[in-house]
Amino acid sequence: MAYKTSATTKGGRNGRAILADGGLALAMALPKDLGGSGEGHNPEQLFALGYSACFGQALLVLGKKHGVDTQDARVTADVTLHVDGGFSLAVELTVSIPGVDKDKVQALIEDAHTVCPYSKATMGNIPVKLIAA
């Protein structure tokens with residue numbers, strides 16, 4: 001095992017979440033779009049933050065292999081929570097790398113999608129769309 005972390009939440013989507021080491025604690029709130037106050041964070045926001053950071057690291061790792069300087073790469077993770085017919089997630093990952101051809105970026109992000117732990121966890125479970133911007 002290389003790394004392990006733990007978080008505890010009390011009160012679900014309208015509660016409080018805290019990391020075991022106390023380094024981060026967040027008020028959680030149901031989004032306004034779903035009838036909540038929106039005065040806190042929600043799991044979809046946290047998932048978007050984690051996925052975009054993790055995918056960005058995969059780009060950094062694979063950039064040299066693709067002959068691309070990925071230091072200025074920007075990854076945007078748009079996470080959608082669908083509530084019709086039961087709850088489900090969908091993600092769009094948009095990657096932009098200044099000065100790099102879109103076809104080259106697309107090839108890199110498709111490769112990164114095979115190594116990123118978030119991508120591996122979601123593969124076959126939820127739709128993830130990869131977009132070179």
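Does Ser 52 count as buried or exposed, and at what relative accessibility? In this predicted model, Ser 52 counts as buried because its relative accessibility is 18%, below the 20% cut-off.

**Helix H1 itself**
- H1 covers residues 43-62, and with its 20 residues it spans 28 Å between its first and last C-alpha, close to the 28 Å expected at 1.5 Å a residue.
- Besides Ser 52, the buried residues of H1 include Glu 44, Ala 48, Gly 50, Tyr 51, Cys 54 and Phe 55.
- Further along, Gly 56, Ala 58, Leu 59 and Leu 62 are also among the buried ones.

**What covers H1**
- The cover over those buried residues includes strands E4 (74-82), E5 (88-96) and E6 (128-132), along with helices H2 and H3 (117-122).
- Ser 52 touches Val 75 and Ala 77, if you set aside its neighbours within four places in sequence.

**H1 against H2**
- H2 takes in residues 102-115, and its axis lies 9 Å from that of H1, at an angle of about 110°.
- The two helices are therefore roughly perpendicular to each other, and their crossing is right-handed.
- On the H1 side, the contact is made by Tyr 51, Phe 55, Ala 58, Leu 59 and Leu 62.
- H2 brings Leu 108, Ile 109, Asp 111, Ala 112, His 113 and Val 115 to that contact.

Technical notes: Residues are numbered from 1 along each chain as its sequence is written. This is a predicted model: local features need pLDDT of at least 70, side-chain atom pairs count only at pLDDT 80 or more; totals for chains, interfaces and linings use all residues. Side-chain values use heavy atoms; hydrogens and water are left out. Axes are lines fitted to C-alpha atoms, for helices over the stretch in contact, and angles run from 0 to 180 degrees between N-to-C directions. Helices (H or I, at least four residues) and strands (E, at least two) are DSSP runs, numbered from the N terminus. Angles under 35 degrees count as roughly parallel, over 145 as roughly antiparallel, 65 to 115 as roughly perpendicular and the rest as oblique. A crossing is left-handed if the near helix is turned anticlockwise from the far one by less than a right angle, and right-handed if clockwise. Contact means heavy atoms within 4.5 Å. The expected span of a helix is 1.5 Å times one less than its number of residues. Buried means under 20% relative accessible area, exposed over 50%, partly exposed in between (1.4 Å probe, protein chains only).
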